[in-house]
Every structure is written in structure tokens, then in C-alpha cells.
Amino acid sequence: MNLNQLQKAVERHFAAGPAAVGDPTALAVFHEFRAALERGDVRSAAPDSATATGWKVNVWVKQGILLGFRLGVLEDYSSGSFSLVDKSTFPPRRFGVNDGVRVVPGGSAVRSGAYIARGVVCMPPMYVNVGAYVDDGTMVDSHALVGSCAQIGKRVHLSAAAQIGGVLEPVNASPVILEDDALIGGNCGVYEGTVVQSGAVLAAGTILTRGTPVYDLVNGTVLRATDELPLIIPRDAVVVPGSRAVTRGNGQEWGLSLYCPVIVKYRDDKTSLSTALEELLR
Ligand SMILES: CC(C)(COP(=O)(O)OP(=O)(O)OC[C@H]1O[C@@H](n2cnc3c(N)ncnc32)[C@H](O)[C@@H]1OP(=O)(O)O)[C@@H](O)C(=O)NCCC(=O)NCCS
């Protein structure tokens, strides 16, 4: 099946609803679709310069993943003294030396239907969920989560405990996207379809959601998500966690402030020095 035919078949079986359950053709289509996801041939979102975010959401890919949940039954994947149970359609992925992916021993898992490019390093424990796309040379550090359908570019550094939220439903919603060379500091959280453009740096502890306004000190603007667009962190922005005073009501009276990410500058030589990875570790 070429990709066009695969798309049509996925859409047809997804539209069939519960009638697809038990249909061997639907399961065969799903398996073909899942293999295409793991090869990186299909993605839940792909670069598209014609759109305002620079990315186009592929609704049918998300439908294919949801089809897999519908078709799967619970299966026991237990190993040794560990109990592991998941849908039969999403067994944990296995990697070999020829895949060129380093999965360091110690409690990590990559769910099937995720694409992991050559040269990716996975430090334990970490988890990559279905539909995620992790491109060449990216480092997924300990306790990092790559949520469902998240799109992670080349040479991204997901530092320890960085949480990249999953966006599976609604099917037309954008997944979280981290473009090439982004640095996501330790304990960051990027959720709800936020786009971090290439080269941007999130200092440790920065949290971004659809509802989080981001104050750009350099350009004097406040960045927000809108009904049509997710929050977009501009290329090369350096974002640090800050706070802003509440200026009305009880919050003002009580002297409260709210969490507030701040763009303090755009990447310079010092930032590149601060974020350089030790090449020998690769
Ligand atoms: C953002 C970061 C990369 C620093 O970048 P940088 O370009 O060297 O930043 P600078 O030191 O020039 O700082 C620029 C401004 O931001 C402030 N700033 C920098 N890092 C900050 C932080 N984490 N929180 C709050 N403010 C911060 C600085 O004080 C400075 O403001 P000032 O000029 O008013 O003093 C660094 O702070 C960081 O968070 N690195 C990631 C660390 C990490 O998570 N490692 C994980 C390894 S697993």
C-alpha cells in the first residue's frame, strides 16, 4: 500500500467505529500504519511553511493511533518480577544495534508507534509514547517524557525530568513541537500544542501551556496562544521562569505574584556555551 492508500484505509476503518473491532483487515491496516510510524514515514504533524505555525497536523495519523487503541485487547508483557500490561496493539518497541539508537539500561520504554531516529540517546528512566517523533542526535535525559504525538527535532536536548505533554485528542489539535536544536532545561514542562521554534532555550523549570502568557523583554511583546494558534516560542528565544505581580483585587492586596515565563534575550555565544553538550558522551 502506498501512503495515500494507507491513509484512505485508516480513515475508513476509523470511521467504521466499533464495527472495526474483530475485523482482521482493520488490524492488518493498523499494523502497516504502525510500521510506517516507526519508520518515520508518517507523522502526526509535519513541517509546512504554508501554515501559521510552520506545521500541518495530519488528522488521519491521530485517527490511526486511536484505531489501534480500539482494536487492541489487554495483553500481558510481564518480564521477570515486573508486571507489564498494555494493549496488544502497542507492545514496547525493541531496538537492536543496527538501529543506531542508544537505550541505556534502567527502566526506560519506547511504546510502539514511536519513531526514534539514529543517534538518539535515551537515558534511563525515560518514556516515549505512541506517535512521538524524535529526530537525529536528540538526547532524552533521565525522567524525561515524550508524550503521544510530540514532534522533537534534530539535536534537541531534553534535560532531566523535562515533560513534553501528549496531545492525542481532539484529533485536529496540534501536538507539542520542539524544533531542531532546542534546549529544554531540567524540570521543564511543555504542554497543549506549544511550539518551541528552532534554537530556543527553556531554562530549567520553565512551564508552558496554552494559557501561559510569555513576556518578551527584548521586543516588548506578550506572546499568547489564541483560538487558532498555540503558544509559539520564537526561534532562538531564551526563556527563563519568572513572576509578575497581580495588579488587581485580592491578589494585589495580598501582594501575590503569578508564575510567568520571560524571554530575557535571544541566543548568543554565551547561551551556546551554556548549553553545549559534552560531545564525548555521545
Ligand atoms: C538559560 C540558560 C541556558 C542560561 O543561558 P545564558 O544565555 O547563559 O543566560 P545568561 O547567563 O546570559 O542570563 C541572561 C539573563 O537571564 C537570567 N537567567 C539565566 N538563567 C536563568 C534562570 N535559570 N532563571 C532565571 N533567570 C535566569 C540571568 O540572570 C540574566 O539576567 P540578568 O542579565 O538580568 O542578570 C541556563 O540558565 C539554563 O537554564 N540552562 C539549562 C540547565 C539545565 O537544565 N541543565 C540540565 C542538564 S540535565
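Mentor: We shall discuss the sheets, the ligand and the pocket in turn.

Mentor: This is a predicted model, in which local features need pLDDT of at least 70 and side-chain atom pairs count only at pLDDT 80 or more, while totals for chains, interfaces and linings use all residues. Residues are numbered from 1 along each chain as its sequence is written, and side-chain values use heavy atoms, with hydrogens and water left out.

Trainee: In what order do the strands of the open sheet that contains E7 and E24 lie?

Mentor: Strands of a sheet pair through backbone hydrogen bonds, either parallel or antiparallel. Strands (E, at least two residues) and helices (H or I, at least four) are DSSP runs, numbered from the N terminus. Two strands pair if DSSP finds at least two bridges between them. Here, 6 strands form an open sheet in the order E7-E10-E13-E16-E19-E24, with parallel pairing. Strand E7 (115-116) and strand E24 (232-233) are at the edges with a single partner strand each, so one side of each has no neighbour in the sheet. Within this sheet, strand E13 (residues 151-152) is joined in parallel to strand E16 (residues 177-178) by 2 bridges; Ile 152 has Leu 178 as its bridge partner in E16.

Trainee: Which strands form the edges of the open sheet that contains E6?

Mentor: That sheet also is open, with 6 strands in the order E6-E9-E12-E15-E18-E21 and parallel pairing. Its edge strands are E6 and strand E21 (207-208), each of which pairs on one side only. Strand E18 (residues 189-190) pairs with E21 over 2 bridges in the parallel sense, and Gly 189 has Ile 207 as its bridge partner in E21.

Trainee: Do E25 and E26 run parallel or antiparallel?

Mentor: They run antiparallel, joined by 9 bridges; Ser 243 stands opposite Tyr 259 in E26. E25 is also joined to strand E20 (residues 201-202) by 2 bridges, and that pair runs parallel. There, Val 201 stands opposite Val 238 in E25.

Trainee: Which residues are the closest to the ligand?

Mentor: A residue is near a molecule if one of its heavy atoms lies within 4 Å of it. Of the 17 residues that surround the ligand, the closest are Gly 186, Lys 265, Lys 270, Thr 271 and Ser 274. Strand E25 (237-245), strand E26 (257-266) and helix H5 (269-275) each supply at least two residues of this shell, and H5 gives the largest share, 4 residues.

Trainee: Which residues lie closest to the centre of the largest pocket?

Mentor: A pocket is an open set of points on a 1 Å grid over the protein atoms alone, where a 1.4 Å probe fits, with protein on both sides within 12 Å along at least five of seven lines; lining residues have an atom within 4 Å of a point. The largest pocket holds about 420 Å³ of space, a volume being the space filled by probe spheres set on the points. Of its 15 lining residues, Tyr 77, Leu 84, Pro 92, Ser 108 and Ala 109 are the closest to its centre. Strand E4 (85-87) and strand E6 (109-110) each supply at least two residues of the lining.
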